[in-house]
Amino acid sequence: MKRKTETKAENKNAAKWATEKEVIKTSFPIYLTLFCIKCFPQFIINGLIAIIGFFFFLFSKRSRRECLRFQNQFASFVSDKKDFKEKIPNVYKQIVSFAITLVEKIECWVKKEPVVKVEFAEDDDVYKLIEQLNAGKGAFVFVSHLGNSEVLRNLANKNKIFLQREVPVSVLMDLDSTNNFTNTIEKINPGFTQNIIDVNDISPATIEKLEETIEKGGMVVSAGDRISKKADSRYFNFDFLGKEAPWSYGVFLLAMLLRAPVYFLFGTRKKDVSFNRKYDVHVVKSSVNTDCSRKERETNMKMLCLEFVRELEKCCLEHPFQWYNFYDFWTV
């Protein structure tokens, strides 16, 4: 009986976290950033980013609180590792890092040519993904709120470097919690939301559309580190940085239903606070078989989710200041 009560409380907490609005609540910072990108040279934009980060640090109480919560948890997890002790906590550094990434994201959205430079390790699974997409075979790609997932655009566009064709992309996003932000970007870049699918409104028609993307050799992209508003129904619990956290059930179920090969992609700036736009991109192909029987599905889903959590944790250890999930991530 006690465990039932605890589970209800956990679900309520997770659902509350899922319905939190994004950090950017007004259009003004986005319009200001766009104006600066269009009108000023890069060195002036860099100076403005530092100013924006400073004001964001001063006036966003929730961001300061959640950065500190994350950094304290991180510090506890790596307390026995000397290499990490001097890096945490530093809330201001994390917020400025977020301001830089926000500008780079907007540049990716409004500029036709890739604006960030990416590097891959020789043994990275990105080459398997590129080969698969060039062969006209689709994939499900999990990204996260660590670093900048928009570096995926460097692959998705026909750029004569990686891909030999234009690859269709469907992006799963929580449009309710990012409503103001996505509406603003849509005004800036008409058609931005054309391939975006609301995770809160998944239907058979939606799944059919995603299947079509896969069949055309495209990518279905979704963050794996945010739960939906309907989290009170079901989600996974796995340790992250030493403490249990909730993970989306629905998005991992969707990956299984589409039966496509799954990849995890993480794009992190080489230096946490830097304006050189150089990124390391880490891609891992999941070992989990998504084309399985219904009987095996639940077990394979858990394995898939756990694989993602461990890869996210590994990348987070290398770049903790590029963690931009400004919520109480550990709600249980």
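Of the 332 residues in the protein chain, 53% are buried, where buried means under 20% relative accessible area, exposed means over 50%, and partly exposed is anything in between (1.4 Å probe, protein chains only). This is a predicted model, so local features are taken at pLDDT of at least 70 and side-chain atom pairs at pLDDT 80 or more, while totals for chains, interfaces and linings use all residues. Residues are numbered from 1 along each chain as its sequence is written, and side-chain values use heavy atoms, with hydrogens and water left out.

As for confidence, the mean pLDDT of the protein chain is 81, and 76% of its residues reach 70 or more; pLDDT is the predictor's confidence in each residue, from 0 to 100. Residues 1-21 stay under 50, and the model has 38 contacts for them beyond four places in sequence. A contact here means heavy atoms within 4.5 Å. Taking contacts between residues at least 6 apart in sequence, 79% join residues at least 24 apart. The chain exposes about 16400 Å², with 53% of that supplied by carbon and sulfur atoms; the areas come from the Shrake-Rupley method with a 1.4 Å probe, and for residues only the protein chains shown count as cover.

The secondary structure comes to 12 helices and nine strands, read as DSSP runs (helices H or I, at least four residues; strands E, at least two) and numbered from the N terminus. Strand E8 (residues 262-269) is a well-covered piece: eight of its eight residues are buried. Val 262, Phe 264, Phe 266 and Thr 268 point one way from E8, with Tyr 263, Leu 265, Gly 267 and Arg 269 pointing the other way. In a regular strand, side chains alternate between the two faces of the sheet. On pairing (at least two DSSP bridges between two strands), E8 runs parallel to strand E2 (residues 139-143), joined by three bridges, and Val 141 stands opposite Tyr 263. With strand E9 (residues 278-285), E8 pairs in the antiparallel sense over seven bridges, and Leu 265 has Val 283 as its bridge partner there.

Among the helices, H7 (residues 126-134) has Val 126, Leu 129, Ile 130, Gln 132 and Leu 133 as its buried residues. These sit on the same side of H7, because they cover an arc of only 165 degrees around the axis, the arc being that of the directions from the helix axis to the C-beta atoms. Just after H7, Gly 136 takes a positive phi of about 80 degrees. Over in helix H3 (residues 42-59) there is Asn 46, which counts as buried at 15% relative accessibility. Beyond residues up to four places away in sequence, Asn 46 touches Phe 275 and Arg 277.

A search of the whole structure turns up 12 salt bridges, each a side-chain nitrogen of Lys or Arg within 4 Å of a carboxyl oxygen of Asp or Glu. One of them links Asp 125 and Lys 128, with the closest N and O atoms 3.6 Å apart; Asp 125 counts as buried at 16% relative accessibility, whereas Lys 128 is partly exposed at 45%. Another joins Glu 298 and Arg 234 (3.4 Å, N to O). Glu 298 lies in helix H12 (residues 294-318) and Arg 234 in the loop between strand E5 (219-223) and strand E6 (235-240), so this pair ties together parts 64 residues apart in sequence. Lys 270 and Asp 280 also form a salt bridge, at 2.8 Å between the closest N and O atoms.
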